[in-house]
Structure formats: structure tokens, C-alpha cells
Amino acid sequence: MTIFEEEILQQQYLLTRTVEANADAVSDLAEEIGSGKYVAAAVVARGSSRNACEYFKYALERYTGMPVLFIEPSVTAVYGGKLALKNFLLFAVSQSGKAEDISSVVRAAKESGAKVVAVTNNPDSPLAKAADVRLLLNVGQEKAVAATKTFLAQMTVFTSLVDAVRGEKADMNSVLSKLFVTRHKLKPIAEALAKEKDLFVLGRGLSYSSATETALKFKEACYLNATAYRVSEFQHGPFAVLDENRSVLLFVSDDETKDGCIKVAKRIRETGARLYAFVSDGVELTADYCYVLPHADAAETPLLQAVAGQLTALEISKIKGTSPDAPRNLKKITVTE
């Protein structure tokens, strides 16, 4: 068994630890957000951490109305720019907490009057020490280069915070357990995807983060050239590329985006392109390959979608004989110049 697989399987037991470790800090932050103390939130991250932030942006804006801005690290790290973030909450997200370009944003944000929240797996990291508040992933060392449990823990932290603002509480461990029980149903999809060279991965709204992270896992773990798009943006130009030689993986959640995604699925099939789909329980959609996720609240569904993507990447890697523990050309911690 690869380390990648071991760390994927660990996830069904770790989320409670993540939630419990941050309960007090999450409660305090939720109260501050609900009070209107901050004009907006901002996020800074790279790689899988940025994909988790895509979810946070949609979730916080949808359920609280607080705008969320993405800060590009190069603005401070390369250009030496200043930031005007007074009365902002900045969430700096890095599993290692060692990314210097992320730390440069943190310094600039604090100088401008922002409150900084570090989301990291390393309590002793420079990022954790520089922040005003720490939200710790608490999942133990992640050894595989392709992130799994740290990504899901980031998603869990963000879900917990949004749920706290909403006055909700989800039990993700029980839902994840149902997904792992049905993981064998992903093998036909993985066998078909293993034959693909290129793939479009689409999601909309809260599910867009699932598309971006799954596309990244397909690249890292099995060298499948997967490109993520928002469903709405894909229809503007990239849709012209579709024909019988192309393939699409579509995430469909049972929320306000469902009807629009089903219509797009029909259009995709009309082009002759192969359609793979991960759909929420209760969603009726015709595809060449379809996997139905266990029932979950709309806000928690992206976590299930992401794990389904990880498990699919795992199966593809087994078929193709690739090494998700140590993908070619990659290191666990990337130092961005």
C-alpha cells in the first residue's frame, strides 16, 4: 500500500481531531464575523491550499454575505507591493507554514491593520508564529507529496467556521465512512479514465474547489492532464473544443446549481464527448460513467467530492503504475521564488 493510500484512508478518522482542536478559535472567529467587525475576508495560498480557499470563498460569501478576496503572493514577494487590508480578516493557508511568499503577504497585511489567521499543520512554523490566530489541522505529518489529509483538514476547518456562523454542525466522519464503503464503485470510472490523455474537470459554486483539487490530484498522482473550469466559464469559450475525442468529469451537487449543471451535461453529451460524473444522492443525470455520493448537506458535499477524486486518482495510479508518494519533478514543500 502506498503512503498516498494510507493517508487517504486515515481521513475518515481524523476530522474529529481537527474540529476539536479548533473549537474555541472557530467559535470566537464566527462571533466576530457575525458581529460585522470586519469589512471583508482575504485569503492567500498556493496549490491544494488555494483549492481549499476556493471553497471557503463560495461558502463564506453564500452563507454570510462577507466578501472574500484572493491576495496574490507575488504582489508582495516579487513586486514588493503594499496591501490595504485595514479591518480585514486574512486567512493565510499553508500546510507546512514555511512558504516565504505567503509569509510576505502576512507581514504586509499586519502592517496595514488586518487580523491574520493561520491555517496550517505545523504549530511551530513561521506562519503560525506570525499569525494572530492559529487554526491547526492536527492530522499528523503528511508524507506523500500529493496532499490528501491536509487538504481535507483545511476544508474541515473552513466548513466548521462557516457552519458556526450559520449555527449549524455537521458530522462529516459518518458521511465519509459511507463513501469509503462504496469506494469499489469508482473502479470502472478509474479504469476508463486511465485510458484518457486529457480531461476537463468541471464544477460550479461550492463544487468548483472539488474540480480544481481533483484536477490537481490527477496530474500529481497519475500524470493525467486534467484542466479545471467553472461550469459557467467553460460554456463561454472552452466548450468549442468538445467533440468525440474529448472527455469531461462533471461534479453535480444537489443545490441551486443542480439544474444548470444537468443542462450542461446534456449539451456535453450532444457533442459526442465522453462524460464522467460525480453526483449527489438524488440527482438524476445521464453519463457514460456516474458515481453517486452519499447524502450530505450542500455545504459539506464538496468534501465528499474531493475524497472521491482522491480515491479515483489512487485507482488510476495503480492501473498506470505511477508513484503518488513521489511524483516526478515534485517535492513536498515547494519554495516559490
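**Helix contacts and salt bridges**

Modeller: Helix 1 and helix 7 are roughly parallel to each other, a label for angles under 35 degrees, while over 145 counts as roughly antiparallel, 65 to 115 as roughly perpendicular and the rest as oblique. This is a predicted model, in which local features need pLDDT of at least 70 and side-chain atom pairs count only at pLDDT 80 or more, whereas totals for chains, interfaces and linings use all residues. Residues are numbered from 1 along each chain as its sequence is written, and side-chain values use heavy atoms, with hydrogens and water left out.

Biologist: At roughly what angle do the axes of helix 1 and helix 7 cross?

Modeller: Helices (H or I, at least four residues) and strands (E, at least two) are DSSP runs, numbered from the N terminus. Their axes are lines fitted to C-alpha atoms, for helices over the stretch in contact, and the angle between N-to-C directions runs from 0 to 180 degrees. The axes of helix 1 (residues 3–21) and helix 7 (residues 149–166) come within 9 Å, and they cross at roughly 30°.

Biologist: How do the residues of the contact of helix 1 with helix 7 divide?

Modeller: Contact means heavy atoms within 4.5 Å, and among the residues that meet are Leu14 and Leu15 of helix 1 and Leu152 and Val157 of helix 7. The residues of this contact divide into six nonpolar, five polar and two charged, where Ala, Val, Leu, Ile, Met, Phe, Trp, Tyr, Cys and Pro count as nonpolar, Asp, Glu, Lys and Arg as charged, and the others, Gly among them, as polar.

Biologist: Is Asp163 buried or exposed?

Modeller: Asp163 meets Arg166 in a salt bridge (3.1 Å, N to O), and both residues lie in helix 7, three residues apart, about one turn of the helix. Buried means under 20% relative accessible area, exposed over 50%, and partly exposed in between (1.4 Å probe, protein chains only). Arg166, at 25%, is partly exposed, but Asp163 has a relative accessible area of 4%, and is therefore buried.

Definitions and conventions: Salt bridge = Lys/Arg side-chain N within 4 Å of Asp/Glu carboxyl O.
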